[in-house]
Amino acid sequence: MTTLTTLGVLAQAAGQVGSGRIQGGWGYVWACYGITVVALVLYSLSLWLRRPQAAKE
Amino acid sequence: MTPVARNRLFALGALLVAGAGLGFVAFGNIGENLVYYWSPSEMLAQGEKAYSATIRLGGVVQPGSIQWNAEHTTLHFRVANDAKEGTPSVLVRSTETPPQMFRDKIGVVVEGTYDASGVFSSNRLMVNHSNEYRAPKEGEDPNKWRETLSEGTTTASTGTGAEAR
Amino acid sequence: MNKLIKWGLPVVGLGVLAAGWWLGLAWAPPDREMGDVQRIMYVHVPLQWMAMLAMFLNFVAAVAYLVRSNASWKLDSTAESAAEVGLVLGALGMVTGAIWGRPTWGVYWSWDPRLTSEAIMLVTYTGYLVLRRFVEDPDKRATWSAVVAILGAINLPIVWFSVRWWRSLHQVQSSPKTVDPQMVLCLRVSAIGLLLLTIAMLMHRYRIALAERRAEVALPEALPGTGGAASVHDTPKVA
């Protein structure tokens, strides 16, 4: 769980070269989840559009 | 020949070819002839042959060797075979800001050229991560935190694939 | 297909995946080195696992199609659906991996063994699906593509073990020992959710493939304008 102290630990010494810690970067996270959700929705849509129409046979 | 027998023959043939291919890849010497990067000692062993060719050099950032000039964005550090003291190392010069995970003892792969002056000019600096994922401990001292990290995260800083297994 | 499975499976899968992602994004701790960027794990790793699983199913169905004396179109349809779903998941796995690589490694891409073998794998399955589109005779298509599927499957162990066999930028597989329990939990929940969704996608894609096969086999000769690659989509509607 992200408590204030943990955040404090993360913030210490971060952001300078050699610190070894990534600060921020939520944009990358949202990009990954967003692309995946959009692609899976589109693929599901394509499955729906291609559905076999058994009733007409 | 019946279609079933023919298909079985196809299956057998394909499985044999696939198995042979896999065996060749797994137990052949591809890893020795086609390495993703050289370790510092391997590159130094090449002597003059290593000069001026584009090379990938991989290893661990030697503790205490990082020199960063923020004004001119020049970075100097030494890439060593591993984090132990006294292992062969190479001085690397880079003109880009390194990834934020860059630190002492982390695994790095640099692309660039080596020359007679003994400096490796990097034009691409990559940092690699270990397979460890840990939460930060509460109230942890950042300097002690660094000592708890695994050393030399480059998966095979020394040795070839066969040995790494 | 049972209505309960047809609609229940995707709904449950979505629910579990949403729970896993919510836990991963809001509840799990950040990594001490990667910080919040580490949360990409809960989308990237399940995608890659499920892609491998689907491609393995493709291999099993292909072998079964060739070996069994009473092989039916069901096996061929299973192979086709598994390849397509696996390719979608694998491509997404690669994209999310590249995005993860930028802040951590410093680059989106490098030709290291893992990334290279993964790229070859995706090209192989793309080729497999293209081949299927180009062969009009269902019998030949099933046989030829099964051979390609078996040959292409050698990439699966290569991709998996590439990080152990050779030096690479990508790290070796993690295990519960190397990952904090909270993160493991999020990863497992997300993976189960995506597994359920993958099964649902496979089933729906399988039904499409089977209906196409049956429509093809029902036609003694391809009618003018209905054969060939372009109209495969339309076949059920025409029939």
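Trainee: What are the ground rules here?
Mentor: It's a predicted model, where local features need pLDDT of at least 70, side-chain atom pairs count only at pLDDT 80 or more, and totals for chains, interfaces and linings use all residues. Residues are numbered from 1 along each chain as its sequence is written, while chains are lettered from A and ligands numbered from 1 in the order they're written.

Trainee: What's the mean pLDDT of chain B?
Mentor: It's 79, and 81% of the residues of chain B reach 70 or more. pLDDT is the predictor's confidence in each residue, from 0 to 100.

Trainee: Which element of chain B has the lowest mean pLDDT?
Mentor: Helix 5 (residues 161-164) of chain B, at 33, while strand 5 (residues 107-114) of chain B has the highest, 92. Helices (H or I, at least four residues) and strands (E, at least two) are DSSP runs, numbered from the N terminus.

Trainee: Switching to the contact, how many residues does chain C bring against chain B?
Mentor: Chain C gives 40 and chain B gives 41; two residues are in contact if their C-beta atoms, placed from the backbone, lie within 7 Å.

Trainee: Which helix of chain C gives the most to that side?
Mentor: Helix 6 of chain C, with five residues.

Trainee: And what does the UniProt annotation cover on chain C?
Mentor: The unreviewed entry puts "domain: Cytochrome c assembly protein" on residues 35-170 of chain C. UniProt positions are in the numbering used here, feature names are shortened, and annotations may be inferred rather than shown by experiment. Over residues 35-170, chain C is 79% helix and 0% strand.

Trainee: How many helices in chain A?
Mentor: Two, with zero strands.
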